[in-house]
Amino acid sequence: MSALDTGDSSVNGWRGWVAQLRRARFGRNHPGPQLGRFLIVGLSNTVLSFIVYRLLLAVGAWYLLAAPVAFAVGALNGYVLNRRWTFAAPDTTRARVLYIVVQAAGALSTSALVLFFVRALGTGRVWAYLAAIPPVTLCMFAANRLWTFEKQT
């Protein structure tokens, strides 16, 4: 049925068609937009954890205590934003536990890759860390999308 058949103006019919196409191609659960939202959340986690780390150091906290506390604040922010915005998933004990497992695996994987790049390939420490971020980020996105926040039926 065309826009003329329903009495809608051709503009409304065109907008409706574009909206349908956009929903079909890039709906809420499409991996492309989800990855974009996941990356934005990750960036906000990094900024937040860095601010918390700097604040803790400024008040005299020991750096080896400040680092995991700051990471935990970023991870908590990530859980809330990813659950609500990125994946639109319910808050469950299962999701909380799996998110912690994925975060721990991501931290361990990053450390292992940095160690490999530095020791086996002779890469500088900063470049090794930068090289570790993309594969770990993609793996964490996949784990969160397919496991932590998967739609339970």
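Helix axes are lines fitted to C-alpha atoms, over the stretch in contact, and the angles between them run from 0 to 180 degrees between N-to-C directions. The model shown in these views is predicted, with local features needing pLDDT of at least 70, side-chain atom pairs counting only at pLDDT 80 or more, and totals for chains, interfaces and linings using all residues. Residues are numbered from 1 along each chain as its sequence is written, and side-chain values use heavy atoms, with hydrogens and water left out.

**View 1. The protein chain holds six helices and zero strands.** Helices (H or I, at least four residues) and strands (E, at least two) are DSSP runs, numbered from the N terminus, and reading along the sequence gives the pattern α-α-α-α-α-α. Of the 153 residues of the protein chain, 24% are buried, where buried means under 20% relative accessible area, exposed over 50%, and partly exposed in between (1.4 Å probe, protein chains only). The accessible surface of the chain is about 10400 Å², and carbon and sulfur atoms account for 69% of that surface; such areas come from the Shrake-Rupley method with a 1.4 Å probe, and for residues only the protein chains shown count as cover.

**View 2. Helix α3 packs against helix α6 at an angle of about 115°, with their axes 11 Å apart.** Pro31, Gln34, Leu35, Phe38 and Leu39 in α3 meet Thr137, Leu138, Met140, Phe141, Asn144 and Arg145 in α6, where contact means heavy atoms within 4.5 Å. The residues of this contact divide into seven nonpolar, three polar and one charged; Ala, Val, Leu, Ile, Met, Phe, Trp, Tyr, Cys and Pro count as nonpolar, Asp, Glu, Lys and Arg as charged, and the others, Gly among them, as polar. The crossing of α3 and α6 is right-handed, a term used if the near helix is turned clockwise from the far one by less than a right angle, whereas anticlockwise gives a left-handed crossing. Ala142, which lies in α6, is 107 residues from Leu35 in sequence and 9.1 Å from Leu35 in space, C-alpha to C-alpha.

**View 3. Helix α5 (residues 93–119) and helix α6 (residues 125–148) pack with their axes 8 Å apart.** The angle between α5 and α6 is about 155°, and the two helices are therefore roughly antiparallel to each other, a label for angles over 145 degrees, while those under 35 count as roughly parallel, 65 to 115 as roughly perpendicular and the rest as oblique. The residues of the contact of α5 with α6 divide into 18 nonpolar, six polar and two charged. Gln103 lies in α5 and counts as buried because its relative accessibility is 13%. Leaving aside residues up to four places away in sequence, Gln103 touches Phe71, Ala75 and Met140.

**View 4. The buried residues of helix α4 pack against α3 (31–58) and α5.** Helix α4 spans residues 63–86, and its buried residues are Ala66, Ala70, Gly74, Ala75, Gly78, Tyr79, Asn82, Arg83 and Thr86.

**View 5. Ala88 is found in the loop between α4 and α5.** Just after α4, Ala88 takes a phi of about 50°, which is a positive value in a residue other than glycine. Ala88 counts as partly exposed because its relative accessibility is 35%.
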